[in-house]
Amino acid sequence: MINPTTRPVWKALENEFKRMESVHMRDLFKQDAKRFERLSIKFNDILFDYSKNRIDVGIMELLVDLARECGVEQWRDRMFAGEPINHTEGRSVQHAALRERLGKPSYADGVEISREIESELKRVKTLAESIHTRKWRGFTNQPITDVVNIGIGGSHLGPLMVTEALRPYTFHDLKIHYVNNIDENHINNTLETLKPQNTLFIIASKSFTTQDTLVNAQTAREWLLGRIDNEIDLRNHLVAVTANTQAAQAFGVAPENIFKMWDWVGGRYSLWSAIGLSIVIAIGTENFDALLEGANEVDMHFRTAPLERNIPVLMAVLGVWYNNFFNAESIAILPYDQNMHRFPAYLQQADMESNGKCTDRQGRVVNYQTGPVLFGEIGIASQHAFYQLLHQGTKIVPADMLVPISNFHSIPIHHRALMSNIFAQAEALMLGKSEDEVKTELKAEGKSDKEIGELLPYKLFPGNQPTNTFVFYTLNPKTLGSLIALYEHKIFVQGVIWNLNSFDQWGVELGKKLATEILHELNKGELVESHDCSTNGLINYYLKMRPEND
């Protein structure tokens, strides 16, 4: 693979950027009355509108050519074929196989995996059904009313996001809790209202060695043992999802309660696997199947649609356009659905852990920008928080808006007000407000010429801020599955263009290794001199000030 910036198409895009840099989107819309029709795509119940971008048809053609020349189609086919494209770990990348719905065989490193996937999904569904039907009982023969998922990263963010997003579809006589923070406040706050006889813990850890997860799991185990007379009764309250079955059994999880993870599924892509056990318990097997179906339909779209009409490809190349030519260092994810409040956090890991890298596939340090900083929040709340920067700040921040036409329990007065804000904000970010418009507005308010002159600089809005808008009928399981998969494949395409391995995460390992070493020092309790002076000072201050029994 060659450096993408040396390709002729990249040089052509640099020239187009110089031309487009001074063009306002107002003028682009004036020049093309059919811009919306040309620059939007309908996929199932999702409309993807990318017309409010600083592009024209010619630029989009070049961007798609860039994706093609960087080998997106070939890398895509290799991924779906199960080749070990995660080369630093020697692994296939087959999370899409987890949602294959047509019974087609899937392979990882030449080994057929479809039957094993189906078998494990069946076990997950059986457990979930046993909880729904009250067949699964705690140690006092009482039904399970609370499920606590203990995980970190992808073993936490994905299930939490989906469970929250699909709240209207959950079994309301069951409560699903999520614990990820090693800070004892998190698990203490969770346990304080629960009863051990009614609680099931899911320990979700691919390696079953992650410190954060195991410390929380140990606390949960001790909490149970403080109330359970016979240790064998732990089998009614502990379940594990892991690739390390031996460690899970040593911890006290019964073999029949251990669900598989595979090395060809990365944590941040694992909600479709047994890691999604808490999701299945929360929303039921049929709704989980719909989630898988929505993702699978996007997989088929990504595999078969021509690049110029391929939504993940278009999402990706637009991101490259702003990241590498406009030097936009961030992207905002703005869902206008309260139940999607964890969607930006989920995408933060998916995107930043995948493409937050400075070394290409050949081990060379790159000389171009790679993954952006992703942030976001519910749209309405954001309008009263960081939209000020979007409208009048000094940075270009491309934004994705996600918009439901209707809600599970729609109240017209609420939803029409919501929709008016969505359309208005996207339009305002694009149009801005010119000097003449501000003067006219202030004059209509009865301001004097002197007052108008004083206020004018503060009331100007440059506009020209790009947005993509995803409009879908309602946030049901199938649509959510589709939205997640669109972003998964977008991230993959950007990784291909930037010549990155999007599926390893070595940057996570250094901090974990150092934390293990420092934990040993903290347990030993002696003053340290083995680190830099700042770290030594902080550790020694902590050792001096901590309570004797801590």
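1. Two strands count as paired here if DSSP finds at least two bridges between them. β12 and β13 run parallel, with six bridges joining them. Bear in mind that you're looking at a predicted model.

2. Now the whole sheet. It's an open one of six strands, ordered β1-β2-β13-β12-β10-β11, and the pairing is mixed. The edges belong to β1 (40–43) and β11 (373–376); each has a single partner strand, so one side of each goes without a neighbour in the sheet. From one strand to the next, the twist averages 15 degrees.

3. On the other flank of β12 sits β10. Strand β10 (residues 330–335) pairs with strand β12 (residues 399–404) in the parallel sense, over four bridges.

4. Is β12 buried or exposed? Six of its six residues are buried, so the strand is largely enclosed by the rest of the structure. The cut-off behind "buried" is under 20% relative accessible area. In a regular strand, side chains alternate between the two faces of the sheet. For β12, both faces are covered: Ala399, Met401 and Val403 are buried on one side, and Asp400, Leu402 and Pro404 are buried on the other. Note that Asp400 is in that buried set; I'd glance at it while you have the model open.

5. Over to a helix pair. Helix α21 (residues 507–524) and helix α22 (residues 533–545) pack at an angle of about 35 degrees, and their axes are 10 Å apart. The crossing of the two, α21 and α22, is right-handed.

6. Which residues make the contact between these helices? From α21 come Ile518, Glu521 and Leu522, while α22 supplies Ile539, Tyr542 and Leu543. By class, the residues of the α21 contact with α22 split into five nonpolar, no polar and one charged.

Definitions and conventions:
Residues numbered from 1 in each chain as written. Predicted model: local features only at pLDDT ≥ 70, side-chain atom pairs only at ≥ 80, totals over all residues. Heavy atoms only, no water. Axes fitted to C-alpha atoms, helices over the stretch in contact; angles between N-to-C directions. Buried < 20%, exposed > 50% of the residue type's maximum accessible area, 1.4 Å probe, protein only. Left-handed = near helix turned anticlockwise from the far one by under 90°. Contact = heavy atoms within 4.5 Å. Nonpolar A, V, L, I, M, F, W, Y, C, P; charged D, E, K, R; others polar.
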